[in-house]
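Have the sequence and the 3D view open side by side. Let's walk through a few spots together, from the fold down to single residues.

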Amino acid sequence: MLSVVDALRDQTGSPAGENTMSGSSVASILIVDDDRRNLMALQELLQGLGQNLVLADSGEEALRCVLKQEFAVILLDVRMPGVDGFETARLIRERQRSRHTPVIFVTAAPEDVASMFRGYEVGAVDYIVKPLIPEVLKSKVAVFIELYAKNAALVREIAEHEQTGARLRESEENLRALTARLRSVRIAREIHDELGQALTGLKMDLTWLSGKLPADEKPLLKKIKSMFRLIDETIRSVRKIASGLRPDLLDEVGLAAAIGWQARDFQLRTGIRCNVTLPPDSDGLDQERSTAVFRIFQEVLTNVARHANATRVDVFMRQDADTLTLEVQDNGRGITAAEMRGSKSLGLLGMRERVLLFSGKLDINGSRGRGTQVTVSLPLRSK
């Protein structure tokens, strides 16, 4: 079996990136002395600092403590049987995680120059000679506790900056995706407005032209008839693109009825039972908001059909004076946290984009084996 000294030697190559700073506001102080009375005396002296005091009665016990946790400062007796203070300090310093932990040597008698030089060589930052002066001891220890706290705060700040940077990069990716989507929407609108009008005008001109041709101009009349068919097909394509922006159903029956119709159609196509609770109407909702809610609902149903393995979907929509809320709950496998955090899913990204445009909220909660709930809340007016 390896001794604790061997175990510590095996860990001297630990990577620098491991956790080196506790998130706790209370620091730990390691007190090492083979004399139990000295341990108790030091503990009594330092109790008033309000920190976590850890006691070790040998060099090996001190090394075990260092393997388990980190310390703001170590008070280390020089002369101990077995692994003495010099060897203990050297092993502590060789380990990556504890290489910068300050070590204060405590000695019963003034050391000669050679011993003191050896102590500093193995990593001691100070010597304190017994009998101890309480004020001096507490003052020196307090300095290292303060340094430890500042280092811990710095580590947390660096971690927060890294998290902020990661969120910023994710936001930039989402913004690029949103820009691309909005560009496609703009192009589609231009096709609808400009090309649709041009095709309608062209059809009217052909109608006038066909009326002016003599009945015996069969080749020309046949060609015009073929052109009519081509124009009609092109107009249907334009309408399909326009419907992708705003379904005609919303203009004809309103949002509540459109969601009810979509749920019934979904149930017929998939066999997944839909229970729908809707308000009698959806007054006060402009075209852009009703389109966003309807498209989100369609995307949720698409995800249920593709991924949820559900047999039932409950749909609930309500509207008060300021907010419209849509809740969709399925009884499927439940979306995972990784899937919710993923920025690569165009479906989830699209839903977030639509809600973000109106300063709304999108909450997605999944529970394994109990399904997924999607809640959309949109303010009826711009904030």
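Whenever this report says that residues touch, meet or make a contact, it means heavy atoms within 4.5 Å.

## Ground rules

This is a predicted model, so local features need pLDDT of at least 70 and side-chain atom pairs count only at pLDDT 80 or more, while totals for chains, interfaces and linings use all residues. Residues are numbered from 1 along each chain as its sequence is written, and side-chain values use heavy atoms, with hydrogens and water left out.

## The big picture

The protein has twelve helices and ten strands. Of the 383 residues, 36% count as buried. The cut-offs are under 20% relative accessible area for buried, over 50% for exposed, and partly exposed in between, using a 1.4 Å probe and protein chains only.

How much of the contact list comes from residues 24 or more positions apart? Among contacts with a separation of 6 or more, such pairs account for 66%.

## The five-stranded sheet

Five strands line up as S2-S1-S3-S4-S5 in an open sheet with parallel pairing. Strands pair here if DSSP finds at least two bridges between them. S2 (52-56) and S5 (124-129) sit at the edges with a single partner strand each, so one side of each has no neighbour in the sheet. On average, neighbouring strands are turned by 20° against each other, direction ignored. That angle is between axes, which are lines fitted to C-alpha atoms (for helices, over the stretch in contact), and angles run from 0 to 180 degrees between N-to-C directions.

Valine 106 has isoleucine 128 in S5 as its bridge partner.

## Around aspartate 57

Aspartate 57 lies in the loop between S2 and H3. Which residues does aspartate 57 touch, not counting those up to four places away in sequence? They are Asp33, Asp34 and Leu39. The C-alpha atom of aspartate 57 is also 5.7 Å from that of valine 32, 25 residues apart along the chain. Aspartate 57 counts as partly exposed because its relative accessibility is 43%.

Two packed helices are described by the angle between their axes and the distance between the axes. For H3 (residues 59-68) and H4 (residues 85-94), the angle is about 15° and the axes are 9 Å apart. That makes H3 roughly parallel to H4. Under 35 degrees counts as roughly parallel, over 145 as roughly antiparallel, 65 to 115 as roughly perpendicular, and the rest as oblique.

The residues that meet are Gly59, Ala62, Leu63 and Val66 from H3, with Thr88, Leu91 and Ile92 from H4. By class, that contact has five nonpolar, two polar and no charged residues. Here Ala, Val, Leu, Ile, Met, Phe, Trp, Tyr, Cys and Pro are nonpolar, Asp, Glu, Lys and Arg are charged, and the others, Gly among them, are polar.

Threonine 101 is in the loop between H4 and S4 (103-107). Is threonine 101 buried or exposed? It is buried, at 11% relative accessible area. Not counting residues up to four places away in sequence, threonine 101 touches Phe71, Ile74 and Arg93.

## S7, S8 and S10

S7 (residues 312-319) and S8 (residues 323-330) pair in the antiparallel sense over seven bridges. A hairpin of three residues links S7 to S8. S8 also pairs with S10 (residues 371-379), antiparallel over seven bridges.

Threonine 325 in S8 is a handy landmark: arginine 318 stands opposite it, and its bridge partner in S10 is serine 377.

## Two positive phi angles

Most residues other than glycine have a negative phi. Asparagine 309 has a positive one, near 55°. Asparagine 309 is in the loop between H10 (287-308) and S7, and is exposed at 67% relative accessible area.

Serine 359 also has a positive phi, about 55°, although it is not a glycine. Look for serine 359 in the loop between H12 (346-356) and S9 (361-367). Serine 359 is partly exposed, with a relative accessible area of 40%.

Definitions and conventions. Helix = DSSP H or I, 4+ residues; strand = E, 2+ residues; numbered from the N terminus.
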